[in-house]
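Have the structure open as you read.

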Amino acid sequence: MLTAADLLTLLPLIIVGATAVVAMLVIAWRRHHAGTALIAGTGLVLALLVLPVTSTGSPPLMQVDGLALMAATLILVSALVTVILSHHYLSGYIGPREEFYLLLLCATAGALGLVASDHLAMLFISLELLSMPLYGMLAYSFRAERSLEAGIKYLLLSAAATAFLLFGMALIYARTGHLDLAGIAGALAGAPDAWMLAGAALMIVGLGFKLSVVPFHLWTPDVYQGGPAPATIFLATVSKLAVFVVLLRLVLAAPVFHNEWLQAVITVLALLTMLGGNLLALFQSNLKRLLGYSSVAHFGYLLVAIAVGNTLAIETTGVYLVTYLVTTLAAFGVVTLISSPFGGEDADGLPLYRGLFWRRPYLAAVMTVSFLSLAGIPLTAGFIGKFYVIALGVSDSRWWLVGGVVAGSAIGLYYYLRVMVTLYLPEPGMRRRDVTNDWGSRLGGVTLLALAVFILVLGIYPAPMIDWVQGLSIG
Amino acid sequence: MILVWLIVIPFLGGLLCWQADRWGEQAPRWIALGTMLFVLVISLWLWGTGDFALQAEADTPWLLEWRADWIPRFGIEIHLAMDGLSLILVALTGFLGALAVLCSWHEIGNRIGFFHLNLLWILGGVVGVFLALDLFLFFLFWEMMLVPMYFLIALWGHSGSAGQTRIRAATRFFIYTQASGLLMLVAILALVFIHFGNTGELSFSYEVLLNTEVPEAIAPWLMLGFFVAFAVKLPVVPFHGWLPDAHAQAPTAGSVDLAGILLKTAAYGMLRFALPLFPEESAAFAPVAMVLGLVGIVYGAVLACGQQDIKRLIAYTSISHMGFVLIAIYSGSELAIQGAVVLMVAHAFSSAGLFILSGQLYERIHTRDMRIMGGLWGRIPTLPGFTLCFVAASLGMPATANFVGEFMILFGTFPTAPVVVVIASTGLVMAAIYSLILMQRVHFGPVYRQGALAGPDWREYGMMLALLALVLLVGLYPQPLLDTTAVMSGTVAELFAGGVESLAETTGEVR
């Protein structure tokens, strides 16, 4: 039964869910783009505001601990930034705009549930609640062929991944008779047998698909490129973050993942992902595809935390996710802003960005900072994240993984630098797509500038963030 | 606190330059010049007031020190310290920084503010490298100076010799140095965690880590992690691929900074970190390092002879000169290490002079290709004379600073490695050959094109005179330089001798 304390623990989730209901009713009553966006934003801000007073606890099927609270904060912030950027973006969209926020709120609620799930049923339900609205978001501008393609591609491959996940769960249930994580962990005294290993491996495959771990990454470039920019942001931040956190939770809770054989599999997957993502990104000339591959690589680095799986790994995950989120939001934010208002196709070709610095110095500075951070250059947030990953690998003597991170970063530099220098090359005479002149005074623009400052602050003085993450990862 | 200012001033000056673009073309230049002169004056003042004789008896080897907590989670501090070596290199940075600003006065015509932002940030990063004593902080500055250097080459460079674009050269420079830097980060972290395992204390402090007992199986790898990072920057021959292109495509200011200061950060890193942290492994590695140095000397000299591009030629001579420095550092003798410091300073002056001169030639005849030069002696007043002086310095003519450095290196190394010295001496002969080739093909020989060209104006004249005066001053009276770095080279030599001893013991036991 739910107690009052449980309700308090679930308050952020309840607020987001209620906001979705309110948004739906308002849309049914009267369509108003700005109003709906405002409702969605207010709901997310409210949920963020109650987070600090939310206590940890374990409502049925869930475990709201420090990790869940940390992830919830990051999810809500990312969703909020997405809402802010969506408003300007969608203002040029012909057709119903308001439902986008509805889908976004539902997916956010799914993500909030996912990071706190303590039971395979809860995990599955929240994962689907997160994924279903995403199909709609990705195919939102369905008149554009690419967007529709992205939505359908994600839908079909997601369904296959879900089948893997369910099969894995079934095997584990058949073997242990438990669906709750504590039960699964408890039922396994001795060494896991083949069924258990197969079940765990299938679950890694299912979740690895959502994280676009190589070799399950094939959908990533097309979906990133095709989806409308705000949907892509949401996919790259909220969805990936939530799935990663639940994967980490599984690995920490179930001892089967520490099996030697599975460890080897995870290590190989991590190496493939960091090298594959970077290699595939090398010659991309489409910014959204490039960022898609770059996010593949970044989750490859993060898999080091899954492979190691100790307390420092939780801290590493937290720090890396914070830096990844801030950076990705800023990088995609610039793309979104330049594509706003919606005009049929997003401005994602690299030539469009040539000479951006000489037209829009501050916007180009935001982009430069975020790409430096993606590349992990010191004084940006990305460096702190990379430092943590390497420190984690070294402290646990995982030399192969450390070598992979170093090699991946070296390869990655090539394409990050290519994008960066494009921004500063002399501008060609042709007329290019550009942001609206008032971008700096709009909420979206201000958010981007704030994100860039945040990247630098995190890079120069990361101590408060580290303290925050450390406090939550112990609790 | 003054150490913090030495680092912060270039960064602030850079930001100011960027914004000063709106006050006219000249404003960023004057601000940048003022900033670098300010750094120079501060360091000269420190040099003048500091007592380096006392330093030997004091308990701390540092002249000045400043520390503050930064990331307590990992025991990372902002820990800056200055001794004789860093003082000299910081002063050198200030001086060459001012020259870099001066020599691009007419060369850089567009995006002036942004150019000087990058230039000053490189110099700020370099000063940080010379002062940082916390390994994390050191790594941070080490990587940080790459980004502005990348922009400097990629945006203001020349798209010169066949098929090589400036962006490619810049990218190559960046990837070489960043990738090797990450290896150093891994080595630093491994050292820190080994220390953590031994004592339970998490710290990145140089002094704390200095006496860490590293397991024998891992120690050589960690030493190599540091060595590779420095070897790429120095550059040591198999890792030199980025240097000629980066020099050839970079604007004059970029080349001056690269040759004059950035290469010195590598030698500094070896003297400050690689050797003292791993004395025994370094002693074991010394023969390999010396052979690499020899290869560098010969390879750089031979390739310099075959270059058509004047800046590439000078770049290859840098490889040759840095081979001497590498040999000196790994000889472990106090005299040779002092010689390495003198040669570093001397090479900074002479190569900066030559790069500035080739920049001035480029402004006049718009080419760096020596095949279409020739006979310039009669066409340009004064400049060929200066070229002759710096070429003489570069080939190690007595009375120039380079002579003192090379002489001390060869003398100091002879007792430990006579064969190496004998082979290295041939480098001096080859230096004469490539230097004279440069002189002959550019300034003498058949006249390629007629017509007089403009002589140096007061700015160019002043830069050349200042550099020449310093080359001669250090060449004729190097004692102040030697006194300042005596404590440092003594300490390093002592550590190295300890490493050699314990190495002999362990190998003796094995036998």
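Predicted model: local features only at pLDDT ≥ 70, side-chain atom pairs only at ≥ 80, totals over all residues.

The buried residues of α17(B) are B:Val420, B:Val421, B:Ala424, B:Gly427, B:Ala431, B:Tyr434, B:Ser435, B:Leu438, B:Val442 and B:His443. Here "buried" means that 20 or more other C-beta atoms lie within 10 Å of a residue's own; with 12 or fewer a residue is exposed, and in between it is partly exposed, the C-beta atoms being placed from the backbone. Residues are numbered from 1 along each chain as its sequence is written, and chains are lettered from A and ligands numbered from 1 in the order in which they are written.

What covers the buried residues of α17(B)? The cover includes α12 (279-305), α13 (310-331), α15 (383-394) and α16 (401-413) of chain B. Contact here means that the C-beta atoms of two residues, placed from the backbone, lie within 7 Å. Helix α17 of chain B runs over residues 418-443, and its 26 residues should span 38 Å at 1.5 Å a residue, which agrees with the 38 Å between its end C-alpha atoms. The expected span is 1.5 Å times one less than the number of residues. Just after α17(B), B:Gly445 takes a positive phi of about 75°.

Now turn to chain A. Helix α19 (residues 443-460) has 18 residues and reaches 26 Å from its first C-alpha to its last, close to the 26 Å expected. Its buried residues are A:Gly444, A:Gly445, A:Leu448, A:Leu451, A:Ala452, A:Ile455, A:Leu458 and A:Gly459. They sit on the same side of α19(A), because they cover an arc of only 155° around the axis; the arc is that of the directions from the helix axis to the C-beta atoms.

Finally, look at some loops. Most residues other than glycine have a negative phi, and most peptide bonds are trans. A:Ser397, not a glycine, has a positive phi of about 55°. A:Ser397 counts as exposed because it has 12 C-beta neighbours inside 10 Å. In chain B, the peptide bond from B:Leu234 to B:Pro235 is cis, with omega near -10°, and B:Pro235 has its place in the loop between α9 (219-233) and α10 (243-249).

Conventions
Helix = DSSP H or I, 4+ residues; strand = E, 2+ residues; numbered from the N terminus.
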